[in-house]
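Dear colleague,

I am handing over the structure we spoke about, and I would be glad if you could read the notes below with the model open beside them.

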Amino acid sequence: MLDFTPVGLVIPDWQIFIKHGFISPIKIQIDHKIGMTGNMEKRVYNFSPGPAMLPLSVLEESQKNVVSIPGLGQSMLEISHRSKTFTEVIEQAEANLRTLLKIPDGYRVLFLQGGAQLQFAMIPMTFLRSGKSADYILSGTWSKKASKEAKTLGNVNVVWNGESSNYDHVPSQDELKLDSNAAYVYHTSNETIQGVQFQTEPEVGDVPLVCDASSDLLCRPLSVEKYGILYACAQKNIGPAGVTLVIIRDDLVKQTPSDLPSLLNYSVLAEGKSLVNTPPVFSIYVMKLVTDWLLNDIGGLDRMLEINQKKADLLYDVIDASNGFYDAHAKQGSRSLMNVAFRLPNEQLQDGFLTEAAKQDLVALKGHRSVGGCRASIYNAMPVEGVQKLAKFMYQFASVNAQ
Ligand code: PMP
């Protein structure tokens, strides 16, 4: 265990970093910059929960096509959504997603608008018409919000609610008393604000499982066939804001009531190949680049998971070794790989922490206003170096300030 006795002069104990096998004491002292070189502005490590960092190579590649796509003389921001160029982009984005997530035939991949929150409404609007109720698992702010929206449209049965323990864990399977007649079971795989994440899918029998995977889709492999609907806004792990990915089973698409307006109608949207109205062309283009990066540079989701696990372990290990100086919000077994939420002993130390971190180009670490504290969102595109730098900073800050 690390010793956090205040020493005045900080002599870092590097064991924790060396333990993780991807860092040497010498390397960590190199002030790694992730900015573009030349006359471009430097970039910082942005720990925002979303919009979040994108891979630098993706930004550089998309930049090339902002003014003029070679051979076409038009910007990617100007081309028609019916053009051959965009048709290839959206088809490739879908093909990449199908490869990465091993999406079986029998599922549609939709690129929609309205953010993740429009799905909070579209799902009950589509599936609660029959008068059936839906089972909702409330593991944090976002699932609570989704259930509230659903209640305006139909019958909601809250099957588990973590509010009394301040949403610091997800339920175990035996805590879930599910209705085998429900229209669907709804959960949020990763609660961005509280930093709690389901380690595996809840077992729901034959009832369709619906998942808001906005803040963890593509962070690890998963079994799409376990889901009826899997959806995610893009601005965390998949691309820029403006597009929402919806992966939905064919038989559920077919259940869409025909009198729903076209843009709220899964069947119309699937039939129209997500081009019923003008889609967010540029966001889908960047999504294609991000999925290219995941496939070609990272090497797929198994490898992405390994990297994400290492990044998360580094921060949780510093927290756990701090003798309570840092207090993780999530309980062991529910800790998120993507959002590490923690507190410092008091507001004053916390403010100092945020100010000092920002001076070291570690930004957007303030927790959500509803829960306070700090939060490091370490999505796929956050470089390992950024997490190493944060871990080192956390260690040093605690060494100096722990009582
Ligand atoms: N669900 C989760 C888990 C989220 O983290 C967020 C956004 N932070 C949303 C839903 C809402 O997404 P949007 O702003 O795209 O509606």
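A polar contact is a pair of N or O atoms within 3.5 Å, where, within protein, one atom must be able to donate a hydrogen and the other to accept it, and where residues adjacent in sequence count only if both atoms are side-chain atoms. Please keep in mind that this is a predicted model. By that rule, 14 residue pairs, both at pLDDT 80 or more, are in polar contact across the interface of domain 1 and domain 2, whereas the count of salt bridges between the two domains is zero.

The chain is divided into domain 1, made of 11-47 and 301-401, and domain 2, which covers 62-296. The contact draws on 25 residues from domain 1 and 28 residues from domain 2. Together the two domains bury about 2,200 Å² between them, with 56% of that area on carbon and sulfur atoms. On the side of domain 1, L301, H329 and Y379 supply 30% of the area buried against domain 2, which is more than any other three residues.

Turning to helix α9 (residues 281-298), its 18 residues reach 25 Å from the first C-alpha to the last, close to the 26 Å expected at 1.5 Å a residue.

How values were computed. Residues numbered from 1 in each chain as written. Predicted model: local features only at pLDDT ≥ 70, side-chain atom pairs only at ≥ 80, totals over all residues. Heavy atoms only, no water. Helix = DSSP H or I, 4+ residues; strand = E, 2+ residues; numbered from the N terminus. Expected span 1.5 Å × (residues − 1). Domains from an automatic or database assignment. Contact = heavy atoms within 4.5 Å. Buried area = accessible area lost by both parts, 1.4 Å probe. Salt bridge = Lys/Arg side-chain N within 4 Å of Asp/Glu carboxyl O.
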